[in-house]
Amino acid sequence: MKFPETNIDFMGKRKISGVISIVLVLVSLITMAVTGLNLGLDFTGGTLVEVEFAESANPNEIRQLLETNGYENGVVQYFGTERDLLIRMPSQTDTAQANLGDEILSALRSAHPDVVMRQSNYVGPAVGEELTEDGGLALLTALFVVMIYIFFRFTKQFSVGAVVALIHDVLIVLGIFAVAQWTFDLSVLAALLAVIGYSLNDTIVVSDRIRENFRKIRKGASFDVINTSLNQTLGRTLVTSMTTLFVLLALLFAGGEMIRGFALALTIGVVVGTYSSIYVAANMLLVMNITREDLLVPEKDSPENAMP
Amino acid sequence: MARSSGLVGESLLGMPKGSNRAPNTFSITRYVIILFVVVIGGIYAAPNLYQPDPALQIKSTNEANPLNQTVVDKAIAELSAQGVQVTGSELTENAALIRVGSDEDQLRGRDLVSAALNPGSDGRYVVALNRASTTPQWLQDFGGKPMSLGLDLSGGVHFLLQVDMDKFLGDRIRSNQEAIRDLLVSERIRYVGRDWVDGQQLSIGFQSEEARDAAEEQISKTFDAFQILTRDVDGRPGLRLNLLEETIRELEDLAIQQNLQSLRNRVNELGVSEPLVQRLGRSRIVLDLPGVQDSARAKEIINKFANLEFRLVALPNARPSQTETHEYEGAPVVLETRNIVTGDQVTNALQEYDPESGLPQVSITLDNDGGRAMNEITKDHVGDSMAILFKELKVRSRKVVEDGVEILKPYTVEEKRLINVATIQSALGFRFRITGLGLGEARDLALLLRAGALAAPMYIVEERTVGASLGEENIDKGTQSIVIGFALVLVFMLFYYKWFGFAANVALTVNLVLMVAIMSVLGATLTLPGIAGIVLTVGMAVDANVLIFARIREEAKERSPQQAISAGFDRALLTILDANITTFFVAIILLSVGSGPVRGFAVTLAVGIVTSMFTAILGTRALVNLMYGGRKLEKVSI
């Protein structure tokens with residue numbers, strides 16, 4: 001089987017795609033500012049207990065049971081199946097917080113002796129805060145290092161293009177998580193960094209070809225060179241996205257509740273990342289007026305010699 | 001890159017220029033090297049195929065009860081008598097392993113063996129659940145061992161403990177205050193006030209500047225842990241003493257070391273086979289207890305700060321400044337503030353029952369210094385009373401406003417309770433018994449005294465408990481998603497790229513084997529996010545092959561098949577390197593900044609990038625060369 005040779009005028013639609021991207025990013029930012037992310041226990045701190053009942057459970061009954069035992073403000077919801085319940089308590093005041101999970105469990109056990117503890121987590125407020133800071137720091141460091149590396153391997157236009165594309169991807173994934181109010185926890189953060197890695201991979205493959213073509217095709221406007229390059233790499237871009245999506249769908253449907261958020265974030269990220277390496281990274285090159293002269297490096301700096 | 005247009009330009013794979021070898025062939029050496037790497041990888045990955053047996057681990061807690069074959073035989077006899085299937089046993093220097101038939105046998109067996117080996121009192125032998133390796137000897141001889149499973153796969157408890165350094169340093173400063181006061185008194189230097197502790201510093205006021213100067217000289221001569229500043233205190237000439245940063249670090253290290261040791265001992269007593277106890281950062285400790293399901297009991301033991309203080313009951317003429325009052329059986333008792341000995345000087349402690357009353361008691365053995373001190377003081381005070389204080393630190397939390405945000409801040413309070421007041425009948429020595437505690441308290445106290453006290457109190461800042469059922473489910477689901485994801489990719493590649501796809505598939509399989517091998521050799525822990533990382537790597541690792549094959553297709557339009565293959569590999573290489581190096585950066589950042597689940601994922605991602613570069617570039621190339629190299633090709637079917 002062969003991927004058909006294409007001659008799609010990607011850059012001809014760059015204005016429309018640019019508007020779409022800007023709108024998506026703005027919607028993401030506004031949603032995050034207004035509704036905010038549904039931050040998981042890792043970042044907010046608090047107590048979370050997952051229990052399994054022998055038969056289907058009733059969240060309302062459990063909520064009342066907890067309230068009569070003095071545990072208020074708890075969130076009780078199904079987790080995966082009707083027999084699984086997730087109980088989440090915010091930071092408490094007077095009790096020794098670290099024992100809250102055990103107390104909840106024993107309260108549940110006294111009413112439902114057959115209840116099985118699946119997981120019980122407690123994150124102190126200080127730890128939650130640190131994880132948030134570390135997470136933000138990791139994202140920013142990743143973006144910064146990428147920018148530096150691409151700046152040295154390519155040019156500043158490529159570097160800015162790649163980073164804008166990455167920020168675009170991260171913001172849109174965050175935005176979708178905010179709109180859907182899916183829980184954003186540490187594993188989703190890891191997925192976000194993996195999205196950076198993946199999308200970057202894509203962007204570099206495309207950029208590599210653009211650079212090569214700028215040097216090889218002596219004639220033609222930047223616009224056409226970029227279009228040709230995108231068409232040449234389109235087959236590879238789609239095939240790789242496809243194999244990655246295969247495994248992500250396997251994770252999403254067979255991996256269980258604990259990595260659902262991770263798989264979801266990456267699936268969205270791969271789709272958005274594929275789009276952005278074509279429409280954002282390449283588009284940025286045109287926005288910044290890249291020309292052949294930017295890429296005509298002196299002989300001694302030819303990539304073969306400059307290989308890291 | 002574009003300029004190296006000819007096929008015969010030096011290959012980036014290092015094929016010698018102008019080699020007269022047929023196109024697309026490797027030298028025998030190169031095939032051998034690749035094969036060698038694959039075989040080595042296979043050997044080190046293989047131990048992961050052998051599922052460990054459920055087993056019971058027996059350890060002795062003290063030298064009086066050595067662990068020997070008799071003990072093991074006794075345990076096996078008990079197990080067999082109760083219908084627990086025993087499949088083997090090993091005795092090493094400090095532990096014995098008994099393999100049993102199933103997980104249920106393991107749980108039942110632990111209680112049986114524990115009861116059989118510890119009749120009457122506790123703590124002679126600790127029986128823990130363990131997993132016994134089934135890796136064949138010849139693989140073990142290579143040093144091969146399977147990856148250990150993370151808590152999210154094996155089930156267990158993870159704690160992050162914050163050591164309360166403020167309290168610890170405060171205590172140290174307070175004890176220095178006593179010593180400094182003694183020094184000033186003995187040098188007849190007049191000071192003002194009694195309590196000098198002012199946060200983390202001592203502020204001492206003096207009657208005159210001369211007194212201050214004299215004090216400064218004396219203090220600086222004797223105490224090198226302080227930085228001494230001359231500052232007025234409450235309008236009088238004064239000194240301010242701050243602990244040196246260096247001293248603080250030393251004290252912190254000391255506290256952490258002792259807490260780690262004490263925690264290890266305590267955890268051993270809990271019967272956890274392979275605990276992880278290690279320092280994290282400046283004042284935190286990570287504690288992982290695989291297999292533990294009852295986190296409440298674990299918490300009780302690890303975070304318990306209980307100790308004993310033996311003191312004399314004050315005589316009527318004692319100075320009020322050197323006494324304190326406690327309540328015992330409803331009446332106040334005045335005690336001297338000075339300790340004769342404390343629980344820190346205990347070398348062994350066992351919970352037993354008083355043969356006459358049947359009440360729980362703790363029999364205690366003191367170390368040399370403790371025994372001597374006890375003997376000397378009790379010798380002179382026959383007829384007086386001695387009191388035993390049970391001291392416990394408890395964690396409370398309070399609301400404080402920090403940076404405008406209301407947060408909960410834990411702090412520790414000290415609770416002292418008089419558990420026993422008795423007349424000294426005769427001089428005491430190294431061994432004695434204490435009564436007056438409930439059964440639970442007596443058992444825990446014995447355990448804590450044996451394990452050694454914590455130097456500084458700790459509180460839990462993070463806890464993650466994974467139940468056994470969830471752990472098993474995670475393993476099943478993780479394995480399933482690897483199998484499904486892997487199968488989808490294999491089928492797709494074969495369908496899309498035919499024989500080249502086959503080569504890529506072989507490379508991908510080898511990649512998986514190498515990843516597992518490297519992670520096993522590195523001693524990495526496999527976690528659920530780690531599995532996710534493996535799955536993701538499978539999906540992304542084909543990218544290098546896709547790039548190469550896409551390039552070969554393109555080149556095939558202008559070149560002969562052999563030239564196209566060669567050029568495809570060469571030209572894609574630079575792109576692959578660029579793309580992988582940046583992704584590798586991201587993985588390293590994840591590894592260094594991230595914690596917990598993020599790290600598990602980052603490790604697999606980083607390892608996967610390295611192995612996939614090897615297999616996708618060299619491995620696939622070798623296979624393609626074997627299939628097509630040196631032959632006359634009409635066209636490449638790709």
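Start with chain B and colour its domains. The assignment gives domain 1 (28-48 + 467-628), domain 2 (53-132), domain 3 (166-248) and domain 4 (306-463). Domain bounds come from an automatic or database domain assignment. Now select domain 2 and domain 4 of chain B: their centres, taken over C-alpha atoms, are 34 Å apart.

A note on what is on screen: this is a predicted model, where local features need pLDDT of at least 70, side-chain atom pairs count only at pLDDT 80 or more, and totals for chains, interfaces and linings use all residues. Residues are numbered from 1 along each chain as its sequence is written, while chains are lettered from A and ligands numbered from 1 in the order in which they are written.

**Stop 1: chain A**

Select chain A. Its domain 1 covers 11-39 + 127-301, and its domain 2 covers 46-123. The centres of these two domains of chain A, taken over C-alpha atoms, are separated by 40 Å.

**Stop 2: a sheet in chain B**

Helices (H or I, at least four residues) and strands (E, at least two) are DSSP runs, numbered from the N terminus. Two strands pair if DSSP finds at least two bridges between them. Strands of a sheet pair through backbone hydrogen bonds, either parallel or antiparallel.

Select β18, β19 and β22 of chain B. They form an open sheet in the order β18-β19-β22, with antiparallel pairing. Which strands stand at the edges? They are β18 (346-353) and β22 (431-434) of chain B; each has a single partner strand, so one side of each is left without a neighbour in the sheet. From one strand to the next, the twist averages 25°.

Zoom in on β19 (residues 360-366) of chain B. Four bridges join β19(B) to β22(B). Find Ser363(B): opposite stands Arg433(B), in β22(B).

Next, show helix α11 (residues 439-451) of chain B. Helix α11(B) lies across β18 and β19 of chain B, at about 160° to β18(B). Axes are lines fitted to C-alpha atoms, for helices over the stretch in contact, and angles run from 0 to 180 degrees between N-to-C directions.

**Stop 3: a sheet with strands from both chains**

Select the eight strands β3(A)-β4(A)-β2(A)-β5(A)-β23(B)-β6(B)-β13(B)-β12(B): in this order they make an open sheet with antiparallel pairing. At the edges are β3 (75-79) of chain A and β12 (276-280) of chain B. The twist averages 20° from one strand to the next.

Where do the chains join in this sheet? Five bridges link β5 (residues 116-123) of chain A to β23 (residues 458-466) of chain B. Val123(A) has Glu462(B) as its bridge partner, and Asn121(A) has Arg464(B).

Helix α12(B) lies across β5(A) and β23(B), at about 95° to β5(A).

**Stop 4: two helices side by side**

Select α7 (residues 186-216) of chain A and α13 (residues 528-556) of chain B. They pack at about 5°, with axes 12 Å apart. Angles under 35 degrees count as roughly parallel, so α7(A) and α13(B) are roughly parallel to each other. Residues making the contact include Tyr198(A) and Met540(B); two residues are in contact if their C-beta atoms, placed from the backbone, lie within 7 Å.

**Stop 5: the whole interface**

Show both chains. The contact takes 72 residues from chain B and 71 residues from chain A. Which element gives the most to the side of chain B that touches chain A? Helix α12(B) does, with 15 residues.

Terms used
Angles under 35 degrees count as roughly parallel, over 145 as roughly antiparallel, 65 to 115 as roughly perpendicular and the rest as oblique.
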